[in-house]
Amino acid sequence: MAKPVKSFSCTACGASFNKWSGRCDGCGDWNTIQEDKGISAGPPSKSLGARRGSSVQLTDLSTEEAPPPRSHSGITELDRVLGGGLVPASAILVGGDPGIGKSTLLLQAAAHFAKAGLKTIYVSGEEASAQVRMRAQRLGLSDAPVQLAAETNLRDILTTLDKERPQLAIIDSIQTMWADNVESAPGSVSQVRAASHELTAFAKRTGTSVILVGHVTKEGAIAGPRVVEHMVDTVLYFEGERGHQFRILRSVKNRFGPADEIGVFEMTGKGLAEVTNPSALFLSERGQPAAGSVVFAGIEGTRPVLVELQALVAPSPHSQARRTVVGWDSGRLAMILAVLEARCGIPFAGLDVYLNVAGGMKISEPAADLAVAAALLSAREDTALPAETVVFGEISLSGALRPATQTENRLKEAQKLGFTSAIAPAGGKTAAASGISLNTMSDLTGFVGEIFGA
Ligand code: TYD
Ligand code: MG
């Protein structure tokens, strides 16, 4: 008889190995490799050749068959992030820091989907049903026909789900689930992986949409193995700063819609409220035009969003000048500083540089380059940009400006919010954006000369 095959995985990053070692090759952590017990230990019982399988010609698939109808919660910000509603049989992972509002969001979603006619079960492994009911009461949702269960045993949950066959099951949270055939503590990699696998398989088998809630580690990844992200169809992150009211639901992966879509919510005393005009919210704390402040006309997913970038540049008392960034990429900041120095002859050596995206928003678009450069120069020269101006465009290492995508949408949004001029790279499509004066430039040197007279 063949010897049972052992497998090991890293409790930090989830990488799998066929032998134990002291250090994980995946993430470099020490003493994180553990033997996997219970799941997939041992070879398949039959040889692969004996398995039944089938395949189908792509061209044989009927094109007549309409895609399954999506269900809408009526929470527009949520439906959009899901790619236009909830797809039957889909598995969705919602990750976020503890206390950010995941349970609140999903209880509200459960109530809305239930009121829209979906049979919905909300399984809480963290709170008792009475606690969940109290929260629902506080949110004004106690009349919603949602079934509640307080349960952590995976087998019991699957039995309940199999009996009830809901259209939507919410599991809050995947870290509290416990499979009794896996010998490790709830929250461990093997448990999270086993529970996610079972629940995703249940979704595919029965047509129930399953939403898994996952806590995020301090490094920002969903606690437990990365494989969970690969198992599910959609991965959403719920982000926000504790000190700020608003929260952003961002799709980082979606098999049924565009990734990078965002939904914006505000945490109120009565739960999460939708923010239908995020630009107005992000700019609401903006004061008089000041040196170092620039409004960036960005695109998040399919939607234009205006945000304020703030820079501070000051002589450094340290031998090594500081570079501090909140809400943007620090590598990208270093690149902009290098281009300003090499192509425009504007040095930042000996100067501390701080860059902040106001309101706690995170930006990843390269089109923010020019707005960042403008904020840095404005802070360095102590000169405010012309009032009511938005800036966007990507900067290349040569100092050339590259047109951004969706120029027209950015301009339209700026115009809608009362901005009168825009600075952008030459070459973008701008036909439909009248009513806003557009100042186009082809390189960074031209921009510096025209705006700062340097
Ligand atoms: P919660 O949904 O429990 O977070 P998570 O499930 O991500 O851990 O949200 C907890 C926070 O939300 C808590 O600090 C209180 C706040 N909150 C409100 O401000 N208003 C509300 O109506 C609710 C229900 C919660
Ligand atoms: Mg919670």
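Reader: Which residues of helix 2 are buried?

Author: This is a predicted model, and in it the buried residues of helix 2 are Lys 102, Ser 103, Leu 105, Leu 106, Leu 107, Gln 108, Ala 109, Ala 110, Ala 111, His 112, Phe 113 and Ala 114.

Reader: What makes helix 2 largely enclosed by the rest of the structure?

Author: The count decides. Helix 2 has 14 residues, and twelve of them are buried, so the helix is largely enclosed by the rest of the structure.

Reader: What follows helix 2?

Author: Gly 117 follows, with a positive phi near 105 degrees.

Reader: Now the ligand. Which residues come nearest to ligand 1?

Author: Gly 101, Lys 102, Ser 103, Thr 104 and Gly 271 come nearest, out of 15 residues around ligand 1.

Reader: Which helices supply at least two residues of that shell?

Author: Helix 2 (102–115) and helix 3 (129–138) each do. The largest share comes from helix 2, with three residues.

Reader: Where does UniProt place its "binding site" feature?

Author: The unreviewed UniProt entry puts it at Gly 96, Asp 97, Pro 98, Gly 99, Ile 100, Gly 101, Lys 102 and Ser 103.

Reader: Why is Gly 101 called partly exposed?

Author: Buried needs 20 or more other C-beta atoms within 10 Å, and exposed needs 12 or fewer. Gly 101 has 18, so it is partly exposed. Gly 101 is also found in the loop between strand 4 and helix 2.

Reader: Which residues is Gly 101 in contact with, leaving aside neighbours within four places in sequence?

Author: Phe 238, Arg 247, Met 267 and Leu 272.

Reader: What does Ala 136 touch, not counting residues up to four places away in sequence?

Author: Ala 136 touches Leu 107, Ala 111, Leu 141 and Ser 142. Leu 107 and Ala 111 are among the buried residues of helix 2.

Reader: What makes the phi of Asp 260 worth a flag?

Author: Most residues other than glycine have a negative phi. Asp 260 is not a glycine, yet its phi is positive, about 70 degrees. Asp 260 lies in the loop between strand 10 (246–254) and strand 11 (262–268). With 16 C-beta neighbours inside 10 Å, it counts as partly exposed.

Reader: What is the phi of Glu 388?

Author: The value is positive, near 55 degrees, and Glu 388 is a residue other than glycine. Glu 388 is found in the loop between helix 9 (369–381) and strand 17 (389–391). It has 15 other C-beta atoms within 10 Å, so it is partly exposed.

Reader: Which residues does a cis peptide bond join?

Author: Asp 172 and Ser 173, with omega about 5 degrees. Most peptide bonds are trans. Ser 173 is found in the loop between strand 7 (168–172) and helix 5 (189–206).

Reader: What pLDDT does the protein chain average?

Author: The average is 87, and 89% of the residues score at least 70. Over residues 38–50 the pLDDT is below 50, and that stretch has 17 contacts in the model beyond near neighbours in sequence. For the complex, the predictor gives an ipTM of 0.96 and a pTM of 0.80.

Reader: Last one. How many helices and strands does the protein chain have?

Author: Eleven helices and 21 strands. Of its 454 residues, 42% count as buried.

Definitions and conventions: Residues numbered from 1 in each chain as written. Chains lettered and ligands numbered in written order. Predicted model: local features only at pLDDT ≥ 70, side-chain atom pairs only at ≥ 80, totals over all residues. Near = placed C-beta within 6 Å. Helix = DSSP H or I, 4+ residues; strand = E, 2+ residues; numbered from the N terminus. UniProt positions renumbered as here; feature names shortened; annotations may be inferred. Contact = placed C-beta atoms within 7 Å. pLDDT = per-residue confidence, 0-100.
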